[in-house]
Every structure is written in C-alpha cells, then in structure tokens.
Amino acid sequence: MKILRSGEEKFNQYLLGLERRITEDPAPVEKVVQSILKNVKQKGDQALLAYTERFDQIRLLRSQLEIKKEEIKAARKKISTDFLETLKQASQRIRRFHQLSKKRARIQWIEHGVRIEQRVRPLERIGIYVPGGKASYPSTVLMGAIPAKVAGVEEIIMTSPPQKEGISPAVLVAADLAGVDRIFQVGGVQAIGALAYGTESIPKVDKIVGPGNRYVAIAKRLVYGTVDLDMVAGPSEIVIISDGKISPSFVAADLISQAEHDERALAILITPSEAFATRVNEEVEKQLSALKRERIARKSLAQRGALLIVENLDQAMELANRIAPEHLELCVKHPMHLARSVKHAGAVFLGPYAPEAIGDYLAGPNHILPTAGTARYASALGVEDFQKKINLMEFSKKILSEFEKDVKRFTEWEGLEGHYRSVAIRMK
C-alpha cells in the first residue's frame, strides 16, 4: 500500500480523487444497461431467459425461473447444523435491532375544528437483489429482508444470479428465515428490470434494495422513479483511524477484510504514526500471502488503498468526515471521545474489538450502507425505508371560513384562481 504524508502534493491529489469517486462517468456502460432494461420491459420472461443464457451461461426454462418451495426447504439439509444456528442467531439479532426502530406512534394535532394526523403505512411489495458472482451473501438476504418484514411489508421478492450448481443453499435458508416470499434465479441488469417493470413470472415491486456491481448500480439509478430505491451503492469502503496503540495485525486484517470484496474496494488507514503505518504495511503483505482472494485484495489495496500520515487525531477525524466512508473504525484508546466528532459515516466501529466484520454479520444494525461519499446525506437501510407516511387533514366549515382570506391572498399571488374558488364555493 502507498504511504502518503499530509502536506505532500500526492496526498492532496489522492483526497481530491476520493471526493470525485461519486461522479464517475457512467456513460461507457449506461448504453448497454439501457438496452437490457428496454428489452426486459418489452419482452419480459423471454428477455430474462436470453440474458441468463448469454451472461450466466445457464439455459433455463420459464418454469425454472422461480425457486420451488421444496428446494428452499431442502437447502437446510445442505448446510451444517452449526451454520444453521449461526444464521438463526444473526436473524434474531438483526430483527431485534430493527424492531427497536419501528415507528408505531402516529402524529396527531387536534384543535377546535381542525384535525391533522400522520399515519405510517408499510410498502406492499419490495424486491431484494442479492449478488452471487464472486461470493455468496446470505448476510445480505437477512439485512435486506428482515427490516422489511418488521416494517410490515406484505410480499418480499428476491432475485439472485443463477449458478450451475444452484443458488447457494445458505442464501436460500437465510431467505426462508428472513421471511422472503418468492425467490427467482435471475441476476444482473435484467433482474433489476424485472423487479422494476414486472414480467410474466416476476411481479413488479414498489422498491428495490440490495447491493450489486457497477451494472446493477446503474440499472437501479435508471429505473428510479418507476420504483423507489434504497441507494445506488458503489464498491465497499473502510477508513480506519488509529493512534498506533493497538496491534498492527488488527488494522491490517480489517483493511484486507474490505479489499477482498472487489478490486475497486477502498481501504484506508489514517494515523499520526508513520512507524505504525509501516508496520501495518508489512503485516498486510504477510496476511495477503495466506488469503484465498489474494489477487482481488492485493489489486484493491495497491490501486485504491492508502496509508495516510497526519499530524494528529483531530486532523484524522477531519479527513474521515471529508471522505464520508461506508465503514469507519476508530481503533484508538478512547474511541467515544473521537466518536463525538463523527459527522459523516455509514457505520462506526469503536475500539480494538469491534472489527467491521462483526457489523456485517451479527451486531444487529444493517450492513447495507451508503458508499462513495453519500454518507454525507444518507443512512443505513432500516425499517423506515420500507414505510411511507400519509397525512390526513380535516376542517370544519367554520374554521375553513377563517382561513378563506389567507387562501385568497396565496392564490392571487400565485395566479391560481381555481384554488381559491374551491374554498369560496364551500362558504356559500
């Protein structure tokens, strides 16, 4: 990994590049994505089957698009009893956390002759996209489906790319535990199109959630408006702030834990100790040699990662807020003191014994998080993302008459005569 020092030109250039990562030009792949979406919209299942054969090299019949209930139940026998218990524990912890954030109360404001109310209603049908290319992600199933279920969503549809040996049994079991209603073995842009527009087999949904590759992310952005989205996610990110007083092996392992996701993943250490950064760099090299996904992680760390040397922890925190990472680890002696300065981050991990990986699986909060600097304005996926608010208003004739003149002034200023007439006619 490259070591960059505060004040150097390369240091500043690297930070500028990070700030621009959200503005990456989608044009090179957007045309391809638009073509696929158009075909799915027009040809439905026929397009899904053709793209599945073309991109996944798997020929399916229309009747094979949906995973049968018997196959989902049989999947439990294909994973170990120990891992089944782990999936159950994870689903319980995730469900418990999201139940705490469920909005049950309704806002009511009642005065003489006026009733204002706000009610919370769940979405009717949502779609979850679960990647299946470079790895299997049962944890993503739990994170996408459980808060939707807690919110009261009536139907949860899941799509995941088909595999020659079948969709991972762990993914199927996780879907069953989380309450997914129907599962389709469709991936990529075509899956997003199917969820957005509907086909003969896959029903149209109200919202699509879940991460994916660059093509999937652009497809989600292009169908926004037809359906709602959780976010347009980019590659995985981690920023670690360390005072150099914990084991460099911890930090190296956490950097690698994100780098192994994807060649475009972003892993950064910010520290005031160059000696510590050097030890971390050495430890990274040592740990990479024993990693199954060494090639992916090595490319990510070499091309996009960095060890940033700063003057003090305050400057480190300023940089972290400027980067607004998906994951932020505060590997320092007093993490709560530093946590008070956090302005922008998808999720924050405090101290030496809260690695990002625990948040991916078992902590409870969602691991579907804003990336590419969008943590400046976006939040982790939660129950509220599967709910909508409906405002109710009721006025008596007497109170409406008291507002008549004010309505007339607004309509005269805005030139909307019919608006005033709809009030005045009720006064006659």
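Select G198 first: directly after helix 8, this residue takes a positive phi of about 85 degrees. Helices are DSSP runs of H or I of at least four residues, strands are runs of E of at least two, and both are numbered from the N terminus. The model is predicted, so local features need pLDDT of at least 70 and side-chain atom pairs count only at pLDDT 80 or more, whereas totals for chains, interfaces and linings use all residues. Residues are numbered from 1 along each chain as its sequence is written, and side-chain values use heavy atoms, with hydrogens and water left out.

Next, select helix 8 itself (residues 188-197). Eight of its ten residues are buried, so the helix is largely enclosed by the rest of the structure; buried means under 20% relative accessible area, with a 1.4 Å probe and protein chains only. Among the buried residues are V189, I192 and L195. To view their cover, display elements including helix 2 (27-43), helix 3 (45-56), strand 4 (125-129) and helix 9 (214-223).

Strand 12 (residues 327-331) joins strand 13 in the parallel sense over four bridges. Within that pair, E329 stands opposite F349 of strand 13.

Finally, select L400 in helix 16 (residues 397-402). Beyond its neighbours within four places in sequence, L400 is in contact with F395, V423, R426 and M427, contact meaning heavy atoms within 4.5 Å. The C-alpha atoms of L400 and V423 are 7.8 Å apart.

Definitions and conventions
Pairing = 2+ DSSP bridges. Buried < 20%, exposed > 50% of the residue type's maximum accessible area, 1.4 Å probe, protein only.
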